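Open the model in your viewer and keep the selection tool at hand. Each stop below says what to select and what is there.

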Amino acid sequence: IKKRQQDVVRFLEANRIEFEEVDITMSEEKRQWMYKNIPEDRQPAQGNPLPPQIFSDDRYCGDYDGFFESKESNTVFSFLGLKPTLASKVSVVLQTFMEFLKY
């Protein structure tokens, strides 16, 4: 989980996309918000969604697998709902088991 989180963070930093970390392990409210805002068809059959889960404000973008696939196909900005620019400043939320990131 940590390696996947670091992969997303490195991409954000390399592309100058601003983000803010928020630890969801310390906030039941934020953890519940994350679970509630993942579309039903993206929820696992059992248990809670595995991190990281990626949001753009309140819009769900996808999980790490979706992020990785979009990175491999060079469509990650589209995945995030961003225009590809060098210095994007957008409010996007990346939620992980340990952290809730806003970038």
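Select Asp7 and show what surrounds it. Asp7 touches Tyr64, Phe67, Phe68 and Lys71, leaving aside residues up to four places away in sequence; a contact here means heavy atoms within 4.5 Å. Asp7 sits in helix α1. Helices (H or I, at least four residues) and strands (E, at least two) are DSSP runs, numbered from the N terminus. Asp7 counts as buried because its relative accessibility is 11%. Buried means under 20% relative accessible area, exposed over 50%, and partly exposed in between, with a 1.4 Å probe and protein chains only.

A note before moving on. This is a predicted model, in which local features need pLDDT of at least 70 and side-chain atom pairs count only at pLDDT 80 or more, while totals for chains, interfaces and linings use all residues. Residues are numbered from 1 along each chain as its sequence is written, and side-chain values use heavy atoms, with hydrogens and water left out.

Now zoom out. The protein chain has four helices and five strands. From the N terminus, their order is α-β-α-β-β-α-α-β-β. Of the 103 residues in the chain, 42% are buried.

Next, select helix α3, residues 64-72. Which residues of α3 are buried? They are Tyr64, Phe67 and Ser70. These residues lie on the same side of α3, because they cover an arc of only 130° around the axis; the arc is that of the directions from the helix axis to the C-beta atoms. Turn to the other side of α3: Glu69 and Glu72 are exposed there. Then show what covers the buried residues of α3. The cover includes α1 (2-14), β2 (53-56), β3 (59-63) and α4 (76-80).

Look at the ends of α3. Asp63 caps the N-terminal end, with a side-chain oxygen 3.2 Å from the backbone nitrogen of Asp65. That is a polar contact: a pair of N or O atoms within 3.5 Å, where within protein one must be able to donate a hydrogen and the other to accept it, and residues adjacent in sequence count only if both atoms are side-chain atoms. Just after α3 comes Asn74, with a positive phi of about 60°. Asn74 belongs to the loop between α3 and α4. Asn74 is exposed, with a relative accessible area of 71%.

Jump to Asp57, in the loop between β2 and β3. Its phi is near 55°, a positive value in a residue other than glycine. Asp57 counts as partly exposed, at 38% relative accessibility.

Now the core. The largest nonpolar core has 13 residues; among those with the most contacts inside it are Phe11, Ile54, Phe67 and Phe79. A nonpolar core is a set of buried Ala, Val, Leu, Ile, Met, Phe, Trp, Tyr and Cys residues joined through side-chain atoms within 4.5 Å. Helix α4 gives the most to this core, with four residues. Select Phe79: beyond four places in sequence, its contacts include Ile54, Cys61, Phe67 and Ser70. A second, separate core of six residues includes Met34, Tyr35, Ile38 and Tyr60.

Finally, colour by pLDDT, the predictor's confidence in each residue, from 0 to 100. The protein chain averages 79. Where is confidence lowest, and where highest? Strand β5 (residues 100-102) is lowest, at a mean of 47, and α3 is highest, at 94.
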